[in-house]
Amino acid sequence: RILESLQDSGVFLRWALVGGTALRFLFGIPRFSEVLDFSLITPRKDIGFKQAADEVTRVFKREGYTINIRVNEKRTVSSARIGFPGLPREVDISSHPGQVLSIKLELDTNPPAGAHIENSIVRRHVTLNLCHYDKSSMLAGKIHAVLSRSWAKGRDLYDLVWYLADRTWPAPNLDLLNAALKQTGWEGPPLTVSNWRKQLSYRIKSLDWEKARADVQPFLEREQDLDLVKKDVLIDLLK
């Protein structure tokens with residue numbers, strides 16, 4: 001419903017959906033995401049972030065929801081925390097009346113160059129015409145996250161297993177990947193068709209896998225899928 005509100009306010013002319021929610025809505029990845037991640041399509045001064053957040057508030061208040069939004073536009077990644085106080089109790093998924101259902105909205109206002117953009121119509125409770133990164137650019141973004149984060153985020157590793165297990169998935173968009181790595185201070189060699197798997201393998205061997213598994217566990221539809229978040233599994237997929 002938040003995506004529908006954003007669509008109605010016209011943001012998909014300027015923003016592209018990326019990240020875990022994009023994977024779930026577009027390709028059915030069996031893990032949940034608490035963030036709506038977007039990337040600005042082209043640089044512009046007026047990104048319309050606060051206006052879009054205000055429109056979400058207006059739409060839900062009009063329908064009788066209690067909603068609060070905290071917006072932060074001071075960083076390169078603009079963010080908003082959208083909270084629905086008491087909603088978990090109201091829909092009987094919690095016994096605590098003060099519990100808040102919370103969703104985070106993030107927009108990268110200075111994305112690296114080279115992404116390929118597509119549009120897809122998706123019906124999931126509502127009909128959405130989503131602007132998003134293509135498959136190769138999504139994979140590039142995930143590889144960048146694994147290589148550049150200072151700690152092992154289990155959701156990234158699970159997603160990477162999910163990508164690589166599909167042998168029909170296209171190779172990463174190397175233009176985007178190298179631009180992203182340069183932007184975040186990558187000290188390794190430029191990634192190419194012949195070395196990106198090797199560089200990922202080096203990184204994967206040094207990670208704290210127990211911490212990574214604990215990170216992703218609450219987000220999996222199937223608890224058994226936690227067995228996929230293992231070093232040996234990912235190393236085999238990278239061969």
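1. Start with Arg31. In this predicted model, Arg31 has 5% relative accessibility, so Arg31 counts as buried. The cut-off for buried is under 20%. Arg31 sits in the loop between helix 2 (19-27) and strand 2 (35-40). Leaving out residues up to four places away in sequence, Arg31 touches Gly20, Arg24, Lys142, Arg155, Tyr158, Asp159, Phe219, Leu220 and Glu221. Find Arg31 in the structure and trace these contacts one by one.

2. Next, Phe25. This residue is in helix 2. Phe25 has 22% relative accessibility and therefore counts as partly exposed. Its contacts, not counting residues up to four places away in sequence, are Leu3, Val122, Arg124, Leu128 and Leu130. Take Leu128 from that list. Phe25 and Leu128 are 103 residues apart in sequence, while their C-alpha atoms are 9.8 Å apart in space.

3. Now Thr127, in strand 7 (residues 126-133). Is Thr127 buried, exposed or partly exposed? With 49% relative accessibility, Thr127 counts as partly exposed. The cut-off for exposed is over 50%. Apart from neighbours within four places in sequence, Thr127 is in contact with Gln7, Ile121 and Val122. Thr127 and Leu3 are 124 residues apart along the chain, and their C-alpha atoms are separated by 9.8 Å.

4. Check two backbone angles. Most residues other than glycine have a negative phi. Asp92 is not a glycine, yet has a positive phi of about 65°. Asp92 lies in the loop between helix 4 (87-90) and strand 5 (100-108). At 62% relative accessibility, Asp92 counts as exposed. His125 is not a glycine either, and has a positive phi of about 75°. His125 is in the loop between strand 6 (117-124) and strand 7. Its relative accessible area is 81%, so His125 is exposed.

5. Look inside. The largest nonpolar core has 67 residues. Which of them touch the most other members? They are Leu6, Trp15, Phe38, Leu157, Leu160, Leu200 and Leu234. Not counting residues up to four places away in sequence, Trp15 touches Leu6, Phe38, Ser39, Leu40, Ile41, Ile47, Gly48, Phe49, Ala52, Leu107 and Cys131. Leu6 and Phe38 in that list are also among the core members that touch the most others.

6. Turn to helix packing. Helix 5 (residues 135-148) and helix 8 (residues 196-204) have axes that come within 9 Å and cross at roughly 40°. Helix 5 and helix 8 are therefore oblique to each other. Angles under 35 degrees would count as roughly parallel. The crossing of helix 5 and helix 8 is left-handed. Helix 5 contributes Ile143, Val146 and Leu147 to the contact, and helix 8 contributes Trp196, Gln199, Leu200 and Arg203. By class, this contact of helix 5 with helix 8 has five nonpolar, one polar and one charged residues.

7. Compare helix 5 with helix 7 (residues 174-183). Their axes are 8 Å apart, and the packing angle is about 30°. What is the orientation of helix 5 and helix 7 to each other? The two are therefore roughly parallel. Helix 5 passes helix 7 in a right-handed crossing. On helix 5, the contact residues are Ser137, Ala140, Ile143, His144 and Leu147. On helix 7, they are Leu176, Leu177, Ala180 and Leu181. The classes are seven nonpolar, two polar and no charged. Ile143 and Leu147 of helix 5 take part in the contact with helix 8 and in the contact with helix 7.

8. Stay with helix 8. Trp196, Gln199, Leu200, Ser201, Arg203 and Ile204 of helix 8 are buried. What do these buried residues pack against? The partners are helix 5, helix 6 (154-165), helix 7, helix 9 (209-216) and helix 10 (231-237). Leu200 is buried in helix 8, and is one of the core members with the most contacts to other members.

9. Finish in helix 9, with Val216. Its relative accessible area is 0%, so Val216 is buried. Not counting residues up to four places away in sequence, Val216 touches Gly154, Arg155, Tyr158, Leu226 and Val229. Arg155 and Tyr158 in that list are also touched by Arg31. Val216 and Ser148 are 68 residues apart in sequence, and 18 Å apart in space from C-alpha to C-alpha.

Methods. Residues numbered from 1 in each chain as written. Predicted model: local features only at pLDDT ≥ 70, side-chain atom pairs only at ≥ 80, totals over all residues. Heavy atoms only, no water. Axes fitted to C-alpha atoms, helices over the stretch in contact; angles between N-to-C directions. Helix = DSSP H or I, 4+ residues; strand = E, 2+ residues; numbered from the N terminus. Parallel < 35°, antiparallel > 145°, perpendicular 65-115°, else oblique. Left-handed = near helix turned anticlockwise from the far one by under 90°. Contact = heavy atoms within 4.5 Å. Nonpolar A, V, L, I, M, F, W, Y, C, P; charged D, E, K, R; others polar. Buried < 20%, exposed > 50% of the residue type's maximum accessible area, 1.4 Å probe, protein only. Core = buried A, V, L, I, M, F, W, Y, C linked by side-chain atoms within 4.5 Å.
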